[in-house]
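Here is a quick tour for someone meeting this structure for the first time. Have a look at it below, then read on.

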Amino acid sequence: AHSFLGFYYFQAAPGYAANWRQARNEYRRAVELDPNDFRSKAQIAFMEQGIHGDYDAKISNLRKVVLNDPMDTSALWHLAFSLYLANHLEASLTAYKELSQLQPAFPNLNHDIAWLYLFLGRPSDALAAAEKEPDEDARLVVLAATYWALGRRADSDTSVQILEKKFSAEDADEIAGVHACRGERDLAFH
């Protein structure tokens, strides 16, 4: 129960600001009651170290959650994303691939995998992953960056034009990121 209360306070009750102090207290109480509650330990680690860029404790605890329940796709996603944030790109890619085996329709999964391939300097693999992304705006974002990395400027331009026409309101930050990837500094801050 304390873990759920921690989540509630961490995510912010509807209409209220997040209360991280109360969330941390609830997570700590959950760990006092169950020292093997690695999910609560992972949240505490994120709140205490992750905000400063230190993800080691969170990753360690998430690995224990996944080891304890290998079918927990939420924990596996959090592990993959935390590994990415900690710049453990190969390990993150491995975790995302495990997730794709368990739940191929996980939201934006191929988008995330494609970005990792790009960061690892593997644009052909990024293209293969991006083309599998079912969500149109997520697919277009990563395709625009991937085409650019592959030297396919016209295809990248077309993807950006569609993005800006159809998804500018909800994807402004990702569109700016694509412009940054393309070296278009002024457009990134437009």
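A polar contact is a pair of N or O atoms within 3.5 Å; within protein, one must be able to donate a hydrogen and the other to accept it, and residues adjacent in sequence count only if both atoms are side-chain atoms. The side chains of Arg 182 and Glu 184 make one of 2.9 Å.

Before going on, some ground rules: this is a predicted model, where local features need pLDDT of at least 70, side-chain atom pairs count only at pLDDT 80 or more, and totals for chains, interfaces and linings use all residues. Residues are numbered from 1 along each chain as its sequence is written, and side-chain values use heavy atoms, with hydrogens and water left out.

Back to Arg 182, which sits in the loop between helix 11 and helix 12 (185-188); helices (H or I, at least four residues) are DSSP runs, numbered from the N terminus. With 10% relative accessibility, Arg 182 counts as buried, where buried means under 20% relative accessible area, exposed over 50% and partly exposed in between (1.4 Å probe, protein chains only). Leaving aside residues up to four places away in sequence, Arg 182 touches Trp 148, Ser 156, Asp 157 and Val 160, a contact being heavy atoms within 4.5 Å.

Now for helix 7 (residues 109-119): ten of its eleven residues are buried, so the rest of the structure largely encloses it. Those buried residues pack against helix 5 (73-85), helix 6 (89-102), helix 8 (123-132), helix 9 (136-149) and helix 11 (172-181). Just after helix 7 comes Gly 121, with a positive phi of about 75°.

What about salt bridges? A salt bridge is a side-chain nitrogen of Lys or Arg within 4 Å of a carboxyl oxygen of Asp or Glu. The whole structure has six of them, including these:

| Pair | Closest N and O atoms |
|---|---|
| Glu 32 and Arg 29 | 3.1 Å |
| Asp 125 and Arg 122 | 2.9 Å |
| Lys 166 and Glu 136 | 2.9 Å |

That last pair links distant parts of the chain, with Lys 166 in helix 10 (residues 153-167) and Glu 136 in helix 9, 30 residues apart. Arg 182 turns up here too: salt bridges that share partners join Asp 157, Arg 182 and Glu 184 into one network. As for Glu 32 and Arg 29, both lie in helix 2 (residues 20-33), three residues apart, about one turn of the helix. Glu 32 is exposed at 57% relative accessibility, while Arg 29 is partly exposed at 36%.

How values were computed. Helix = DSSP H or I, 4+ residues; strand = E, 2+ residues; numbered from the N terminus.
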